[in-house]
Amino acid sequence: MTRIAIITGSTRPGRINHQVAQWVLEQTADRTDAEFEIVDIADFNLPVLDEAYPAAYQNYQNDHTKAFSAKIAEFDGYIFIVAEYNHSISGALKNALDYLNVEFNNKAAGFVSYGSKGGVRAVEHLRGIASELQLAHVRNQVMFSIFSDVENFNTFKPTEQSAAALAPMLDQLILWTRAMEFARSEALVTAG
């Protein structure tokens, strides 16, 4: 079964990021084309990058990196829950992504973002990072406004219009994830 991680993109106290991730998970409950699981980067307590070797070598020295690597490697695709901080992704998400490389290669990613402009600027930055990680990122994106989809700036309550963008993104992500599963198997045959 295709496995998709819903990766939180913030560790800030009081964050709505986990609420958005939980909502996405709830929306996937009736899908039979993949299994979905929340991966909360806060659970890994990743300090500012503290590995001596580049991530592509996978020569991890720290237990927190080894645990994070093992968890991310379990999945075939990813949904990033992207909060916009200063027109970009959060430092916590960038730091978490900098820890790894190979674990993401030749897999697919989709984005659910939020911010004053729906988080679009943050996702544009994340698309560049995803490309470097060899993540095939889908075009369809889910965007939530902190003004209309977040009540009192602390409770996630998506409008019907904003929420409707999730299903098309998921459909595209599952298709691309399966295509990348085939690509990974072909790469193994070629390399072996």
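User: Which element gives the largest share of the largest nonpolar core?

Analyst: This core has 29 residues, and Ile7, Phe68, Tyr78, Phe80, Phe104 and Leu126 touch the most other members. A nonpolar core is a set of buried Ala, Val, Leu, Ile, Met, Phe, Trp, Tyr and Cys residues joined through side-chain atoms within 4.5 Å. Elements giving two or more residues include β1 (3–7), β3 (77–83) and α4 (120–132). The largest share, five residues, comes from α4.

User: What does the model rest on, and how is it numbered?

Analyst: The model is predicted: local features need pLDDT of at least 70, side-chain atom pairs count only at pLDDT 80 or more, and totals for chains, interfaces and linings use all residues. Side-chain values use heavy atoms, without hydrogens and water, and residues are numbered along each chain from 1.

User: Is the Tyr78 and Phe80 pair stacked, edge-to-face or tilted?

Analyst: Rings of Phe, Tyr and Trp (its six-membered ring) pair if their centres lie within 6.5 Å; planes under 30 degrees apart are stacked, over 60 edge-to-face, the rest tilted. Here the centres are 6.3 Å apart and the planes at 35°, so the pair is tilted.

User: Is Tyr78 buried or exposed?

Analyst: Buried means under 20% relative accessible area, exposed over 50%, partly exposed in between (1.4 Å probe, protein chains only). The relative accessible area of Tyr78 is 0%, so Tyr78 is buried.

Definitions and conventions: Helix = DSSP H or I, 4+ residues; strand = E, 2+ residues; numbered from the N terminus.
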